Amino acid sequence: MNKTLAFLARVDRTLVRIGQVAAWAGVALITVTIFDVITRRFLVLGSTKLQELEWHFHVILFGFCLAFAYLKDAHVRIDLVRERLPQRVRWWIEAAGCIFFLLPYCALVVWFSVDFVTKSFLQNEISASATGLSHRWLIKSVIPLSFTMLGIAGLVVLARKIIQLFGPPEAAAAVTEAERAGQTGYSGSVT
């Protein structure tokens, strides 16, 4: 069980680290947007490349932070109902949500988006605008990558819920305590 918890913690930390790095795209997005607005308003310079770069930063920020948000339980929930349920019921709901909704959805998005990205790459797709950015396939590749990472995060959460529901009490307690503390590692020795 220690190896399983250690593996889950490593995967968790990796996905969280990717999300933390991708979150810096928000700073780049703000900077590019401010520069674009100022140059348009005061210098009467318009740039399609700047506008498209803003979209690209949006995609990076959103796409690569999906798994991070899910692992940190920062995604949208209907807490009005959920928080009133017993903890064990919430674990069952989370596990069922992973199995029946999150993982199949991620698999479908990855399945269809790989073809989407491949076609874009083979056509050497560029912006529809003559002054836009090239290599459109690069930004489109964020779709399958981000949903693969979200699917992996879903597997980590599902594994946690299985441990909490069916694992040894010490392991369940370690996972629960780590979740409460918002940590990506699991402390203590569990056999």
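At what angle do helix H1 (residues 2–23) and helix H7 (residues 142–166) pack? The angle is about 145°, and the axes lie 10 Å apart. Axes here are lines fitted to C-alpha atoms, for helices over the stretch in contact, and angles run from 0 to 180 degrees between N-to-C directions. Helices are DSSP runs of H or I with at least four residues, numbered from the N terminus. The model is predicted: local features need pLDDT of at least 70, side-chain atom pairs count only at pLDDT 80 or more, and totals for chains, interfaces and linings use all residues. Residues are numbered from 1 along each chain as its sequence is written, and side-chain values use heavy atoms, with hydrogens and water left out.

H1 passes H7 in a left-handed crossing. A crossing is left-handed if the near helix is turned anticlockwise from the far one by less than a right angle, and right-handed if clockwise. On the H1 side, the contact (heavy atoms within 4.5 Å) involves Thr4, Leu5, Leu8, Val11, Asp12, Leu15 and Ile18. These meet Met149, Ile152, Ala153, Val156, Ala159, Arg160 and Ile163 in H7. The contact residues divide into 11 nonpolar, one polar and two charged. Nonpolar covers Ala, Val, Leu, Ile, Met, Phe, Trp, Tyr, Cys and Pro; charged covers Asp, Glu, Lys and Arg; the others, Gly among them, count as polar.

H2 contributes Ala25, Gly26, Ala28, Leu29, Val32, Thr33, Phe35, Asp36, Thr39 and Arg40 to the contact. H3 contributes Leu50, Gln51, Leu53, Glu54, Phe57, His58, Ile60 and Leu61. This contact holds 10 nonpolar, five polar and three charged residues.

The cysteines were examined next. A disulfide is a pair of cysteine sulfur atoms within 2.5 Å, and the count comes to zero. Cysteine 98 is in no disulfide; the nearest cysteine sulfur, that of cysteine 106, is 9.3 Å away. That distance is too far for a bond. Cysteine 98 is buried, at 0% relative accessibility. Buried means under 20% relative accessible area, exposed over 50%, and partly exposed in between (1.4 Å probe, protein chains only). Cysteine 106 is also buried, at 3%.

Serine 113 lies in helix H5 (residues 87–122). With a relative accessible area of 6%, serine 113 is buried. Serine 113 touches Ile143 and Pro144, not counting residues up to four places away in sequence. Leucine 80, in helix H4 (residues 79–82), is exposed, with a relative accessible area of 63%. The C-alpha atoms of leucine 80 and alanine 96 are separated by 19 Å, and the two residues are 16 residues apart along the chain.

Backbone angles stand out at two loop positions. Most residues other than glycine have a negative phi. Aspartate 73 has a positive phi of about 60° although it is not a glycine. Aspartate 73 sits in the loop between H3 and H4 and is partly exposed, at 39%. Histidine 135 has a positive phi near 55°. Histidine 135 belongs to the loop between H5 and helix H6 (136–140). With 38% relative accessibility, histidine 135 is partly exposed.
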